[in-house]
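Work through the exercises below with the structure in view, trying each task before reading the solution under it.

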Amino acid sequence: MNTREIYCCGCGREVAARLTDGVEIYPHRDDLYDLPFWKCDTCENFVGCHHKTKDRTRPLGCIPTPELKRARMRMHALIDPVWQDGKMPRGKLYAEISKGIGREYHTAETRSVEEVDIAYAVAKSVVAAIASGGMR
Ligand SMILES: [Zn+2]
C-alpha cells in the first residue's frame with residue numbers, strides 16, 4: 001500500500017494518508033476515475049493531486065475537512081474574479097493577502113476555517129480598495 005505523511009485537518013495531525021483514485025472517492029464520476037487522491041482512513045477526508053504535472057501523485061496541500069473546503073470555495077469565489085477580470089494580477093493579489101496575514105498565502109495550505117476567514121477578511125479589504133480605485 002502506498003502511503004504518505006500528510007497533515008490532516010480533520011485529525012489535526014500528520015497522518016499516513018493512503019493513495020487511492022477517483023473510483024473510491026467519486027464513484028458517481030467516471031470522468032474522475034483515473035485521478036489520484038490521498039485519503040485519511042481515520043476521518044475519511046481526502047486531498048487531490050497535482051495530477052497534470054510529472055509528479056502526478058504530489059498532494060495539492062493538506063487534507064481538508066468538508067467545512068474547510070466550503071470556506072476555501074468562498075475564498076475562491078471572492079478572489080478568482082479579481083485576477084480573472086484583470087483587476088489585479090494573480091501574483092500581486094496573493095502577495096497582498098500574504099502581507100495582510102503575515103505569511104505566504106496558499107489556499108490549499110490553509111488548515112482551518114478560521115485561517116481562511118482571516119485571509120478572507122484581508123482579501124475583502126483588498127477588493128474594496130481596488131473597487132474604490134485606491135489600488136493598482
Ligand atoms: Zn484524518
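Predicted model: local features only at pLDDT ≥ 70, side-chain atom pairs only at ≥ 80, totals over all residues.

**Exercise 1.** Which residues of helix 4 are buried, and which are exposed?

*Solution.* A residue is buried if 20 or more other C-beta atoms lie within 10 Å of its own, exposed if 12 or fewer, and partly exposed in between, with C-beta atoms placed from the backbone. By this criterion Val-116, Ala-119, Ala-123 and Val-126 of helix 4 are buried. They cover an arc of only 80 degrees around the axis (the arc of the directions from the helix axis to the C-beta atoms), so they lie on the same side of helix 4. On the other side of helix 4, the exposed residues are Glu-114, Ala-121, Lys-124, Ala-128 and Ala-131. The buried residues are covered by elements that include helix 2 (66-84) and helix 3 (90-101). Just after helix 4, Gly-133 takes a positive phi of about 80 degrees.

**Exercise 2.** What is the order of the strands in the open sheet, and which strands stand at the edges?

*Solution.* Two strands pair if DSSP finds at least two bridges between them. The open sheet of 4 strands has the order 1-2-3-4, with antiparallel pairing. Strand 1 (3-8) and strand 4 (46-48) stand at the edges, each with a single partner strand, so one side of each has no neighbour in the sheet. Next, take the pairs in turn. Strand 1 and strand 2 pair over 6 bridges, with Ala-16 in strand 2 as the bridge partner of Glu-5. Strand 2 (residues 13-21) and strand 3 (residues 36-39) pair over 4 bridges; here Leu-19 has Trp-38 as its bridge partner, and Thr-20 stands opposite Phe-37. Strand 3 and strand 4 are joined by 3 bridges, and Trp-38 stands opposite Val-47 in strand 4.

**Exercise 3.** Which residues in the hairpin turns have a positive phi?

*Solution.* Strand 1 and strand 2 form a hairpin with 4 residues between them, and Gly-12 in its turn has a positive phi of about 70 degrees. Strand 3 and strand 4 form a hairpin with 6 residues between them, where Glu-44 in the turn has a positive phi of about 70 degrees. Most residues other than glycine have a negative phi. Glu-44 is a residue other than glycine with a positive value, and it is exposed because 10 other C-beta atoms lie within 10 Å.

**Exercise 4.** How far apart do the C-alpha centres of domain 1 and domain 2 lie?

*Solution.* The domain bounds come from an automatic or database domain assignment, which gives domain 1 (3-48) and domain 2 (66-131). Their C-alpha centres lie 25 Å apart.

Conventions: Residues numbered from 1 in each chain as written. Helix = DSSP H or I, 4+ residues; strand = E, 2+ residues; numbered from the N terminus. Contact = placed C-beta atoms within 7 Å.
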